[in-house]
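Here are two exercises on how parts of a protein meet.

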Amino acid sequence: MKKTIAILLAVCCVGLMLASCGSTPASSPAPASAAGEAPTVPTEEVTLQFWHHYSAQSAENETLMNILIPKFEQENPGIKVNAVSHEWADLHDKLLISAQSNTLPDVARLDSAWIPEFQQMDILVALNQEMSDFDSVAGNLLESAMSTAKIGDDFFGLALNTNTKILYYNTKALADAGIAPPATMDDFVAAAKTLAGTNGDGQQVWGYNEPGLSGWNLCPFIWSCGGELTNPEQTIATGYINSEATVGAIQMLADLYQSDSITGWNSGDIPMTDGFGTGRYLMMLEGPWKTAELAGAYPDLEYGTAPMPAGAGGSHSVLGGEDISMFTSANKEAAWLFLQFMTGEFAQEEMAKCGQIPVNKATMETETVKNADFAPYIEALPNAKSRPTVAAWTEMDNDLMVSVTAVMNGEKSAQDAMDELALKWDALLAQ
Amino acid sequence: MKIGTNANRLRVASLLLPGLLIFGAFTVYPILKLLVMSFFEWDFGSMFNQTFIGLANYQEVIQDEYFQIAFQNTIIYTLVTVPGQMVIGLLVAALINSIKRFRVGFRVIYYLPVITSWVIASLIFRYVFNTEGLLNYLLNNILSLTSSNVRWLDSRWGGMIVAMVLGIWKGIGWNMVVFLAALQSVPNELYESAEIDGANVLQRFFRITLPSIRGTILFALVMLTIGGFNVFTSIKMITGGAPAHQTETLLTWMYYKAFSTGKFGYSAALSFIMALTLGLLAVLQFRLMQSDKAGDAL
């Protein structure tokens, strides 16, 4: 008898397990069919899933949730927007994983550097092909910013906001050393060497901080020294990444590093804001977000800003920023309305109030933008350049970091490292 | 009798079934799926139409210079940390075994690192060895032994040594507990008669203690070798593979390839290469210990 009960119990357990595994799709037919009907019955309410990386507590997120989305929903009855905030790095990985399982959102705000990678996966909509009024919408946005969404002849998103990096310097330290804010690359090198040393507490200080060795960090120096990464068509690297000017820029940074004038790039070192705020780093290249961070954490710090120091190639910083794209699985009509709204004058001006540099040409002319903290960046934007918009960029960026690290650590000469890199890049660009 | 046996079998089967189902769904199936993936070009670029490429992933892994660095690093990590933990663990166990008082206290102290979270211990090690860290503060500002901060974590061997020190520090306690249990099972009579025969402390240790706990040593060796190959958290948290992937180990490199570059086929092949290596090592270790035993018996 006991045995029988035991067997029955065990069978029940297994049955329950199997039932709980298998019943989910079968027992919930209502939502499944509702979702399936949505595109065919336009009168029904549509919910757009929008993923972004405005941080959850930021002013941008407040504006998005409390001003922009309510306004969009009011203007477009029948369309709801469900906005989800992610960490920057998480968003990239979550999108990759969602693509694997076919659970992508409709629309996402993407770091412009991710566009080539997602385009290669065939999950982004080529807007110029699908949207008949694309040209008139894109015509309202800055060409330089729109170039980040362009691959080949197609556009895989609309520029949403743009940014670049400018030079921050510690006013007091420069005045004490009797040097002017560096305007040329030679001035910059001299300033970094002069400013480095030890402070009153015996702590090491650095003339300049660079927290990494990827394209975002190196490109301003390479371009301003007259170097290039690839040919203009982005098909060949040899003769560009290993040119005399590029090698010279890398060697210049390596010399500064070896003389302890600039910091290393260890993730555990003092974070940029704190290093700059406490006077351990005396110069840095940073984006518009740093103004608000410094005002919050080090309100008494006296600092100035200047354009990227000009070298033989001029003064060129690196273009950053975000694009807004829709995925192939999206409800395209509703998503297109939302994309237009987010790049329209109203949304762009509201976001400009939170420190986001707009890309809408009309918004650029408003008083909000002219009086904004980010005004110095707007001057730097016309000369800022975009990193290569090729699918292999993530891999190329990693190779660049590896090669330059070897130069910094004195394992290879700059010329040898860049020659090897050029061969690797040629192969990647040919794919 | 027969009916009883059948009923018994049914009962055993029904009791085993839930466990087997879970094991099958969450262990066997993923392994088989992984094996299939390792023969396909399976990355973000070809997610929806994978192509069969035979052994190309395996070839790519073996020829990859970063894999070779990661493989060397893993081997060195294992070669250093496994004997390191075992020797110190055995020494501590022998010392604790020989004292009469405070045994529990010492056991607790040595076991504490084992129950500390890997992430937290790794972060603390990172802050200690950072260029702006505690060790540099001590050397530079307090003792004035160095003129500027040393970049401990900015080189391949610096980063690896810190991770290895952490691995040994964290593993001593586990070895101590395992060896202490083994030491307590060695019959006291053996030591007494050896003492009468005039054997000194070292002779007793090498002639009696070590042979008596051979089984435990083999167990610890196999477990720790697997553990050494699985090093991940400490490397990920302390160096993150920097500088320039010079401190990657097999698992951190696999993780990087899969989740940062989307090369799932490559990572699947890498995991099978790693499993094969571990299997071979385990067989080798068992053989060695057995032949050693046979030699002793002669």
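Contact here means heavy atoms within 4.5 Å. Keep in mind that the model is predicted.

**Exercise 1.** Describe the interface of chain A and chain B.

*Solution.* 
Step 1: Start with the residues. Chain A brings 35 residues to the contact and chain B brings 31 residues.
Step 2: Turn to area. The two chains, A and B, bury about 3000 Å² between them, with 55% of it on carbon and sulfur atoms.
Step 3: Look for salt bridges. The rule gives two across the interface of chain A and chain B. One pairing to find is Lys424(A) with Glu65(B), a salt bridge whose closest N and O atoms are 3.6 Å apart; the cut-off is 4 Å.
Step 4: Ask which elements take part. On the side of chain A that touches chain B, helix H1 (2-27), helix H4 (88-100) and helix H20 (393-408) of chain A each supply at least two residues.
Step 5: Sort that side of chain A by class: 15 nonpolar, 12 polar and eight charged residues.

**Exercise 2.** Now describe how domain 1 of chain A meets domain 2 of chain A.

*Solution.* 
Step 1: Domain 1 of chain A covers 47-163 + 320-383, and domain 2 covers 166-317 + 392-430. Their C-alpha centres lie 29 Å apart.
Step 2: Take the area. Domain 1 and domain 2 of chain A bury about 900 Å² between them, 63% of it on carbon and sulfur atoms. In domain 1 of chain A, Asn163(A), Tyr377(A) and Asn383(A) lose the most area to domain 2, together 55% of what that side buries.
Step 3: Between domain 1 and domain 2 of chain A, the rule finds zero.

Conventions
Residues numbered from 1 in each chain as written. Chains lettered and ligands numbered in written order. Predicted model: local features only at pLDDT ≥ 70, side-chain atom pairs only at ≥ 80, totals over all residues. Heavy atoms only, no water. Domains from an automatic or database assignment. Buried area = accessible area lost by both parts, 1.4 Å probe. Salt bridge = Lys/Arg side-chain N within 4 Å of Asp/Glu carboxyl O. Helix = DSSP H or I, 4+ residues; strand = E, 2+ residues; numbered from the N terminus. Nonpolar A, V, L, I, M, F, W, Y, C, P; charged D, E, K, R; others polar.
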